[in-house]
Amino acid sequence: FQEGALINWLSVGENVALPLRENTDLEEAEIRARVEALEAGALSDLSVRSYETAGRVDDEPECAVRTPFQRDRDRIVHSKAFRRLKHKTQVFIEHEGDYYRTRLTHSIEVAQVARTIAGALGLNAELTEAGALAHDLGHPPVGHTGEDALEALMAPYGGFDHNAQAIRIVTHLERHYADFDGLNLTWDTLEGLAKHNGPVTGELPWALAAYERQHDLELEAFASAEAQVAAIADDVAYNHHDLHDGLRAELFSTDELAELPILKQNFAEVDRLYPGLNYYRRRHEALRRFFGVLVEDVISVARRRLAEMKPETATDIRMAGRTLIQFSDPVFQDLKVIRAFLFDRMYRAPSVVIMRKQVTQVVEDLFPYFCAHTDQLPKQWRKDVEDADDDTALARIVSDYISGMTDRFALQEHERLIVKG
């Protein structure tokens, strides 16, 4: 029974209860037994097994045809917040071009990288994929600029943190199910979201602190290996695709790219194998090799560190005292040079800076407007407004609303309410 067949057989939409089309005589217990047998033979002892999850806040009957982590993944994919990522961007604003990465395409790329690394290390690909697909749910509109603006506006009210906001979305703001708010994801998926940047110590973001009071995510411990893979896959994906997007925007040239660490060797290999190759194919071949170097480096380092440390269980990974899934030191240093190049030539390019100022103003205008005109919030937000007992509670509701906007909607609302209002 092949893994791919099992995945295709078990994975169905969250909102559709499909009958089994084959093996209709299999009972739920038999399906679970097959999954457990597959995982016992294919997964490392360091992985989080599908039926050894720490559970959900609200108890539910298990799905007959999906593992708990497949169910998490499906709920994330079917959420409104995930669909909105289609029109949320990271550097370029949504209307600036059809080919730039959005947070949706980025999340899909992260999930692809994460599954590859998880498979190579014998980890639970479904748990890794769930974390990868959900990791950007908390980002506001108009890229990192929108987050900077919202963070400043929310400073008097407890601040804004996109990782904490992702937790708030999947535990509170997605309201579709009859029995609970949020998506009722497993503890293991929530842990990975909260610790996307590593253990959380010191003063907690208010949204994360509020959830932690009712559900202990053991924030000071390291995350599972699956969550660490999702986090490093995020780094792999954006280091790769920001180079693509910068080239497309003509913020730097292919020749400049070919002088950067790692990429210099990638271009040299392509030129050796394909002399005279078409300009666009040449840079694509070089960038796909760059992508491969990063993925292979992570896998190699992880295998070496795990062999040195000799952890025996998933708990050992969490108690290791350091992140185990990382880049090697040489690759990390090379990436610092590449990131400095991107910061100078792309993130702070004059055209990008001009747009940053414009969209910062959009968020800075919308926030006080909605605080003063709560009647302009959608009807489903009115009950929350009525329950708000002080300015902080109201500001957090407005922050929830604005952070959920897409680039397009934020710009349209600014035009409607502020410019023409």
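This note sets out numbered points on helix packing, salt bridges and selected residues in a predicted model.

1. Basis of the values. The model is predicted: local features need pLDDT of at least 70, and side-chain atom pairs count only at pLDDT 80 or more, whereas totals for chains, interfaces and linings use all residues. Residues are numbered from 1 along each chain as its sequence is written, and side-chain values use heavy atoms, with hydrogens and water left out.

2. Packing of H6 and H11. Helix H6 covers residues 125–134 and helix H11 covers residues 225–248; helices here are DSSP runs (H or I, at least four residues), numbered from the N terminus. The two pack at an angle of about 45°, with their axes 8 Å apart. H6 is therefore oblique to H11. Axes are lines fitted to C-alpha atoms over the stretch in contact, and angles run from 0 to 180 degrees between N-to-C directions. Angles under 35 degrees count as roughly parallel, over 145 as roughly antiparallel, 65 to 115 as roughly perpendicular, and the rest as oblique.

3. Residues between H6 and H11. The crossing of this pair, H6 and H11, is right-handed, a term used if the near helix is turned clockwise from the far one by less than a right angle. On the H6 side, Leu127, Thr128, Gly131 and Ala132 meet Glu226, Val229 and Ala230 of H11, where contact means heavy atoms within 4.5 Å. Sorted by class, the contact of H6 with H11 has four nonpolar, two polar and one charged residues. Ala, Val, Leu, Ile, Met, Phe, Trp, Tyr, Cys and Pro count as nonpolar, Asp, Glu, Lys and Arg as charged, and the others, Gly among them, as polar.

4. Packing of H11 and H14. H11 also packs with helix H14 (residues 279–309); their axes come within 10 Å and cross at roughly 165°. H11 is thus roughly antiparallel to H14, and the crossing of H11 with H14 is right-handed. H11 contributes Ile232, Val236, Ala237, Asn239, His240, Leu243, His244 and Leu247, and H14 contributes Arg283, His284, Leu287, Arg288, Phe290, Phe291, Leu294, Val295 and Val298. The residues of this contact of H11 with H14 comprise eleven nonpolar, four polar and two charged.

5. The structure holds 29 salt bridges, each a side-chain nitrogen of Lys or Arg within 4 Å of a carboxyl oxygen of Asp or Glu. Side chains of opposite charge can pair when their charged atoms come close. Arginine 32 forms a salt bridge with glutamate 36, with 3.0 Å between the closest N and O atoms. Both belong to helix H2 (residues 28–42), and because they are four residues apart, about one helical turn separates arginine 32 from glutamate 36. Arginine 32 is partly exposed at 29% relative accessible area, and glutamate 36 is partly exposed at 35%. Buried means under 20% relative accessible area, exposed over 50%, and partly exposed in between (1.4 Å probe, protein chains only). Aspartate 387 and lysine 383 form a further salt bridge, the closest N and O atoms being 2.8 Å apart; these two are four residues apart in helix H18 (residues 382–387), about one helical turn.

6. Arginine 168 and aspartate 400 meet in a salt bridge (2.7 Å, N to O). Arginine 168 lies in helix H8 (residues 162–173) and aspartate 400 in helix H19 (residues 391–403), so the pair ties together parts that are 232 residues apart in sequence. Arginine 168 is buried at 16% relative accessibility, and aspartate 400 is buried at 4%.

7. Two buried residues. Asparagine 124 sits in the loop between helix H5 (103–121) and H6 and is buried, with a relative accessible area of 1%. Not counting residues up to four places away in sequence, asparagine 124 touches Glu39, Leu43, Ser47, Val48, Arg49, Ser50, Phe69 and Glu226. Serine 403, in helix H19, is buried at 3% relative accessibility. Neighbours within four places in sequence aside, serine 403 is in contact with Lys88, His139, Pro140, Pro141, Leu150, Phe160 and Gln165.

8. Isoleucine 418. This residue, isoleucine 418, is placed in helix H20 (residues 407–419) and is partly exposed at 29% relative accessibility. Leaving aside neighbours within four places in sequence, isoleucine 418 is in contact with Asp365, Leu366, Tyr369 and Glu413. The C-alpha atoms of isoleucine 418 and glycine 292 are separated by 47 Å, the two residues being 126 residues apart along the chain.
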